[in-house]
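Have the model open beside you as you go.

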Amino acid sequence: MRFWTLGPYFFKKLMFAIITVWLAITADFALPRLMGGNPALALASKTALGSPAVVKALERAFGLYHTSVLQQYGDFIVQMLHGNLGISYEYYPESVTQVVFSALPYTVGLVLSATVLSFLLGTLLGVVAAWHQGRRVDDWSVGVAFIFFAIPYFWLAMLLVYVFAFLLGWLPMGQALPVSVVPLPPLALGLGIIRHAVLPVASLVLATAASYLLIMRDNMLSVLAEDYMMLARAKGVPNRRLMFRYAARAALLPSFTQLMLSLGSVVGGALVTEVVFSYPGLGNLIYNAILNHDYPVIQGAFLILALSVISANFVADLLYPLLDPRVMLN
Amino acid sequence: MAVSRREPKGLNLVGQCWQWKLRYVPGSKGTMGLAIVGFFALMALLATWIVPYSPHQANFTAWQPPTWGHWLGTDDYGQDVLSQLIVGAQASLVVGVLAGLLSGLIGVTVGITAGYKGGATDEILMRLVDFLLVIPTLALMIVVSAFIPSSGQTTEIMVIGGLSWLWMARVVRSQVMSERRRGYVDAARVLGVSDREIMFREILPNVVPVIVANMTLIITVSILVQASLNFLGIGSPTAISWGSMLSLAFADNAIDQGAWWWTIPPGLCLTLLAYGFSLIGHAILQGYAQSREQ
């Protein structure tokens, strides 16, 4: 592959990412305005008996002063490019940017580790199921996958807390960091963080592995029907090699695309799961912000979340030609 | 001039349903799905008559484990859990099914238009779908619901249905694109049948199984999404749903109190109902795939 052939592909993906970012920003700007009602007025009537001075101050903080929508939109983008997403009400005087970025690493860690583990687990099971198509292993994995597909993420999380934290007491019930008066040595801190992450990650893995299993099984089945598989079998290629080197490798490509498309739903699941574990990520932040009518935080958290998912997709798009050079041809 | 068609003209839905049912559903997992959904539908319909107590009646001893008087015990307000569970079926079914229908309507319209018209229309519509697919939908639903001043089941349906049609549009589009190359579409076009009529009267009936199957899968997801929203305290504040039961149970520390009778049944019902719909969907898809191979 020559480097210059990357040009048009790269350009196309970059344009896609830029337009998506623009759409996300615009949606984030439009949401509170489209929904009608004046959040400043609503907030003021709840906290300050609707005092006009408070309303005016809040309107200014929201960027809702009485100018044209176009000007507000321009201000919004300029402020955003300066990293200014407004001021949080709940965590006043901290800025939304500070609050959101201190929560972001937890969500990213949760989503990334859950996605990787779930993809590995689901894909491996999918390979095995497809290989034994129509036999008991296959029937059972598909049957169980359908059930797991139907379990609400947050309820699975509650069940895990009930069994492993409440009944057995093996793992902490929530939070992300070990509680300690003195600063912990790095090793103990690391272990503590892992211990706290086990249950949230496990509930996300269990809830999402099912769809990777079904996708991989489907892809495997169509690869297994290919002529070259029959040829390899006739040549006497050993089974293990056939299963992984020949079939699974080819079936992995479409699964990878699915992996990226499902990232959004894993993120959604993580938001709700975090609430169950009081895990201090974006999900918990948004949850508390909704309870406290902290609109700037809701808006900012959604924007950063969307931007993170868009950039993850962009990176994956750039890596994809390394896995499958054929995409460069169209 | 005779136009050759594979299927009878018009939207003969009943006839077609009967066709697949005869061929594929009996004895399969699809029947189990129908039975599960039927069970909950009956529960929802008869709720008013079969609840042992009013679901809001709060004068029983709180935190009671299951007894003969309260088969599923009571919550921390002294409300009967079984009564709430029975009434909760209504919220999941109404919102799940209506959100599924709404997103089906949007998805089918977008998918058929993009697939049949092709060209610039297709390009614009599908790019829009691609953009929306990247954005985490559940997060968007949470944020949209947080900003909507009125909250009720209608809002829930609009929010969930309005943002769940993306896969449907994609699937319908690819089906329509393969249908478009078939003879009957050319024949109809030569006869001067309008585009709209070709799309909705000629092509649509042939992709109905795919639409119905995807609709049941959207309903599955909608039920789970609604539960998630209600769990977060978003959505209808007055209606009793399995999601809001779990929300209350979680907030009032039912887990630490070991009140499994309050935390397990609502989740189990959600899982079962969603499972039932997904079984139906997959049975239809399987049947359609088999009929295509023949």
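Helices (H or I, at least four residues) are DSSP runs, numbered from the N terminus. Axes are lines fitted to C-alpha atoms, for helices over the stretch in contact, and angles run from 0 to 180 degrees between N-to-C directions. This is a predicted model, where local features need pLDDT of at least 70, side-chain atom pairs count only at pLDDT 80 or more, and totals for interfaces use all residues. Residues are numbered from 1 along each chain as its sequence is written, and chains are lettered from A in the order in which they are written.

**Exercise 1.** Describe how H4(B) and H7(B) pack.

*Solution.* Start with the geometry: helix H4 (residues 119-134) and helix H7 (residues 166-180) of chain B pack at about 140°, with axes 10 Å apart. Next, list the contacts (heavy atoms within 4.5 Å). From H4(B), the residues include B:Met126 and B:Leu133, and from H7(B) they include B:Trp167 and B:Arg173. Finally, sort this contact by class: seven residues are nonpolar, none polar and four charged.

**Exercise 2.** How much area do chain B and chain A bury between them, and on which atoms?

*Solution.* Buried area is the accessible area (1.4 Å probe) that two parts lose on being put together, summed over both. Here the total is about 4200 Å², with 85% on carbon and sulfur atoms. Now count residues: 42 of chain B are in contact with 45 of chain A. To finish, find the main contributor on the chain B side: H11(B) gives the most, with 11 residues. By class, that side has 30 nonpolar, eight polar and four charged residues.

Terms used: Heavy atoms only, no water. Helix = DSSP H or I, 4+ residues; strand = E, 2+ residues; numbered from the N terminus. Nonpolar A, V, L, I, M, F, W, Y, C, P; charged D, E, K, R; others polar.
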